Amino acid sequence: MAAQEDNIFKNVISHAKEYGFIFPSSEIYDGLSAVYDYGQNGAELKNNIKEYWWKFMTLLHENIVGIDAAIFMHPTTWKASGHVDAFSDPMLDNKDSKKRYRADVLIEDAIAKMEEKIEKEVEKAAKRFGESFDKEKFVTTNPRTLEYQKKIDDTNARLKTATSNADMAAMKQIIIDLDIADPVSGTKNWTDVRQFNLMFSTEMGSVADDANKIYLRPETAQGIFVNFLNVQKTGRMKIPFGIAQIGKAFRNEIVARQFIFRMREFEQMEMQFFVKPGEEMQWYEYWKEKRMRWHQTLGLGAENYRFHDHLNLAHYANAACDIQFNFPIGFKELEGIHSRTDFDLKNHEKYSGKKLQYFDSEENQSYIPYVVETSVGLDRMFLSILSKSYTEEKLEDGSDRVVLRIPAPLAPHKVAVLPLMKKDGLPEKAMEIMNELKFDLNCFYEEKDAIGRRYRRQDAIGTPYCVTVDHQTLEDNTVTIRDRDTMKQERVKISDVKAQLIDACSINNLLRKI
Ligand code: ATP
């Protein structure tokens, strides 16, 4: 990570804590690794992200319904889904730094560095050749880029084989051959690569034997699969249809050093879309496009999102990609879109002995539907929004301000109602306005300190508008509305304030733009 980005990431983390967005879990006991609590502003932002997602899924698609399944599930669920046998990451330790790494991530990072090298060669050549530069021709003929590309292709192929054969020795050999050093100690003194299952387990009931062992769900999807027929029958759903869910998931992550990017307890927003076998690729493309539009409508900059196709497909998938976001730690996975075939339902049928099929009345036949899933991490969404909206500014008067340019519909508070002074009936008038607004808009009221300082505090928590009540308000029933981003103020009739703010801050208006 470049030093400047590293600094920004540190500043975002400390800002999140200082302004009540995110605290380390049980901090008075020095915290718990990779577990975080959301504070008063964080909880509001998180709820708004959920609303934006939930309404997109269930209101905008008449064939998608939402459920809320339990975290605990029958242990056989995880046998059937493949998680007991295969939900593990290959890990290894560096003997000098004692740090633990995911072997596949070390290799993927090394590949990303080779890709950067190609990009650098391209940039250099583009400068040299100017207008006449032909990128395609350059990368397919230049000996240096060809060599890098060959190494990338070879490594990808070896990683794919090692992953699908669960061959840990082969994985280690790639690390040795690529000459990968620990970024902390700088040495190549590695242990062997071992498989590490990421599921947390606990016991249910009073007898602690194996029969009572249950897992904390590592993904929310299985709660949807086991309820597939319940929902289909009771909701009289016709294929294609989707089931959406927001809920906690737990993974005993090996590398958990990236704030809320990789947590051991996190939240997922998942939607499983059940389709006719053979039609999954068309729906896969459909959902890729739809989900990208959902992200980009937030206005954080289209250039900060990109698709990344999976070369190493998970055991259940026949196509998969990520939507990556330009986090302060680089472009990383924000959402996964997977064509999961009939893998899950077929296995639940096998392990439960219950038929999990759909009767297609048009075709007059039963079949196990195929599934296209969209799965986005709520906490990663939070981090994408927080990190891109965090801005350090130098103002014309030479002073500094930190502002969170959170999209207005997602901001924790939509408006701060501020009496200019704490006297002359201004607080009473401000309260009157607030009491009118608070049923439709999350408001903040504050009367302490100079108005400039109060504006700065609202900037720091991302409140898009401040309504200020001054002496003129008492004379002509107007207030000023200050815009967080431009810092411009306009005078508005009190009777117009509510409609104007609702229009600017409504999640529904955002949804209309998708
Ligand atoms: P990664 O490759 O980063 O480990 P994954 O491919 O295992 O992620 P999925 O199983 O596809 O992730 O989960 C779907 C989404 O859940 C991810 O896109 C991500 O946003 C979120 N997610 C997964 N693991 C975590 C975690 N440990 N902390 C926070 N969010 C997570």
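Glu267 is in contact with Lys46, Lys50, Ile246, Gly247, Lys248, Val376, Gly377, Leu378 and Asp379, leaving aside its neighbours within four places in sequence. The model is predicted. In it, Glu267 sits in strand S10, which covers residues 265–275. S10 belongs to an open sheet of seven strands, and UniProt, in an unreviewed entry, includes Glu267 under the feature "binding site".

**Glu267 and Met269 in S10**

- Glu267 has a relative accessibility of 7% and therefore counts as buried, the limit being under 20%.
- Met269 also lies in strand S10.
- The relative accessibility of Met269 is 0%, so Met269 counts as buried.
- With neighbours within four places in sequence left aside, Met269 is in contact with Ile49, Lys50, Trp53, Gln245, Ile246, Thr374, Ser375, Val376, Leu378 and Met381.

**Positions annotated in the record**

- The unreviewed UniProt entry places "binding site" at Arg102, Glu219, Phe266, Glu267, Gln268, Met269, Glu270, Glu373, Thr374, Ser375, Val376 and Gly377.
- These positions do not all gather at one spot, because they span 276 residues in sequence and the farthest two C-alpha atoms are 25.2 Å apart.

**The seven-stranded sheet**

- The strand order of this open sheet is S3-S9-S10-S16-S13-S12-S11, and the pairing is mixed.
- Strand S3 (64–67) and strand S11 (305–309) are at the edges with a single partner strand each, so one side of each has no neighbour in the sheet.
- From one strand to the next, the twist averages 25°.
- S3 runs parallel to strand S9 (residues 241–250), and four bridges join the two.
- Gly66 has Ala244 in S9 as its bridge partner.
- Helix H13 (residues 378–389) lies across S10, strand S12 (319–327), strand S13 (330–341) and strand S16 (370–377), and runs at about 35° to S12.

**The three-stranded sheet**

- A further open sheet has three strands in the order S5-S4-S6, with antiparallel pairing.
- Its edge strands are S5 (100–102) and S6 (194–197), each of which pairs on one side only.
- Here the twist averages 45° from one strand to the next.
- Four bridges link strand S4 (residues 88–93) and S6 in the antiparallel sense, and Ser88 has Asn197 in S6 as its bridge partner.
- Helix H5 (residues 103–129) lies across S4 and S5, at about 70° to S5.

**Helices H2 and H11**

- The axes of helix H2 (residues 40–58) and helix H11 (residues 280–296) come within 12 Å of each other and cross at roughly 145°.
- The crossing of H2 and H11 is right-handed.
- On the H2 side the contact consists of Tyr52, Trp53, Phe56 and Met57, which meet Trp287, Lys290, Arg291 and Trp294 in H11.
- Six of the contact residues are nonpolar, none is polar and two are charged.

- Strand S22 (residues 478–483) and strand S23 (residues 489–493) run antiparallel and are joined by five bridges.
- Val479 stands opposite Val492 in S23.
- Five residues lie between the two strands of this hairpin, and Met487 in the turn has a positive phi of about 65°.

Notes. Residues numbered from 1 in each chain as written. Predicted model: local features only at pLDDT ≥ 70, side-chain atom pairs only at ≥ 80, totals over all residues. Heavy atoms only, no water. Pairing = 2+ DSSP bridges. Axes fitted to C-alpha atoms, helices over the stretch in contact; angles between N-to-C directions. Left-handed = near helix turned anticlockwise from the far one by under 90°. Contact = heavy atoms within 4.5 Å. Nonpolar A, V, L, I, M, F, W, Y, C, P; charged D, E, K, R; others polar. UniProt positions renumbered as here; feature names shortened; annotations may be inferred. Buried < 20%, exposed > 50% of the residue type's maximum accessible area, 1.4 Å probe, protein only.
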